[in-house]
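Opening the notebook on this one. I wanted to look up a few residues and jot down what turned up.

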Amino acid sequence: MATAPTRLADEALAADRAERRLRRIVWFAFFLASAALWWPAEAARIKEVASVAGVRPNQLTGYGLVVGLDGSGDQVMAAPFTSQSLRSMLQQMGVNVPPGMPLQLKNIAAVLVTAVLPPYAQPGQPVDVTVSSIGNAKSLRGGTLVATPLKGVDGQIYALAQGNVVIGGAGAAANGSKVQINQLLSGRVPAGATVERGVPSPALDGDALQLALHATDHQTANAVAQAINRAKGEGTAVAIDGRLVRVALPPGAGQRVAFVADIENLAVEPGRPAAKVILNARTGSVVLNEAVTLGPCAVAHGNLAVTISTTPTVSQPNALAAGRTVVTAESDISITTGQKAMIEMPAGVKLADVVKALNAMGATPQDLLVILQAMKSAGALHAEIEVI
């Protein structure tokens, strides 16, 4: 059982490591904030803040089989759908398997195949596919995906996938020991699908198109409309709301592609984003954008540590006694409360000032998750908090 001085030394060492780690994070954030102040902001292109409404990719899915595995496939008894799929495939190839005959296979696995059909895709165009095991296979390394039709949400076949599966992981197991790097049950088939049917896009068929902003912002929508009007003439573009900008198209069908290419490369100054703080409760990450400001407030945050030490005790009877050996455990529980003074935090109007104020508290990233939410409730944090 650790003595009190030893526990205090361990706690001091842990606190020192946490403080050094926090300082590195804060100095990195301070560097980014300073760089944002030193470097002039450059205008973005319209294609980086908006896209043509209606021109989008489509998700495709399919069910298939991966064969050629080195004994790492599905166990047929635990995954009966694999054997059913194999029987159906063999029957289509003219091979009849007796209904009552069991199939003891280890080199085949049932998989779910997914792909993204890009906009304006035409028949014959190759598309990458992702293959994921849905059974109890151990690995898909070295397998080959058999021809699998890929369907859209409407049930129609838009692509056909087949090819060798590329796995980015590696693993080995022997005598109960196992080592694995990355994922072995999911891989990709580069250019493994061929588009069989395209999806028509009527975005350029009418007399106007709509540009959809990637983020809702009325200032950015107005800036996009003004940039297009300066380049193509007044009245060409109108901002409908904070998300859509309506743009009139030229009458000639052959001029529309060049027209869209020109307006997509126009420079535009995006509006300043809304103040936002992103909290990741799983990893303890805290990200603040440049618009975050602080109002004056006072903060006190303490640490509560609970230490449980267990020592086994063996009770051994005499040799001539009729008793038996008994092992018991003695536990020592101690609670330590960290005492910290209340810190007055001044108002901050820049990200650098906010970082300095948070650094003055000496809090860890996990503590900031709680402190920032408390500041928001008190009205001292002028930002929207989003937990991911």
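I started with Arg256, which sits in helix α5 (residues 256-264). Helices here are DSSP runs of H or I, at least four residues, and strands are runs of E, at least two, numbered from the N terminus. Before going on, I noted that this is a predicted model: local features need pLDDT of at least 70, side-chain atom pairs count only at pLDDT 80 or more, and totals for chains, interfaces and linings use all residues. Residues are numbered from 1 along each chain as its sequence is written, and side-chain values use heavy atoms, with hydrogens and water left out.

What is the nearest side chain of opposite charge to Arg256? I found Asp205, 5.7 Å away. A salt bridge would take a side-chain nitrogen of Lys or Arg within 4 Å of a carboxyl oxygen of Asp or Glu. For charge, Lys and Arg count as positive, Asp and Glu as negative, and His and the chain ends are left out.

I then saw the Arg256 side chain reaching the backbone oxygen of Pro250 at 3.0 Å. Leaving aside neighbours within four places in sequence, Arg256 has contacts (heavy atoms within 4.5 Å) that include Leu204, Gly206 and Leu249.

Next I checked phi. Tyr120, in the loop between β4 (108-117) and β5 (126-133), has a positive phi near 65° without being glycine. Ala191, in strand β10 (residues 186-195), also is not glycine and has a positive phi, near 50°. Tyr120 counts as partly exposed because its relative accessibility is 46%; Ala191 does so at 45%.

Note on methods
Buried < 20%, exposed > 50% of the residue type's maximum accessible area, 1.4 Å probe, protein only. Polar contact = N/O pair within 3.5 Å; in protein donor to acceptor, adjacent residues only side chain to side chain.
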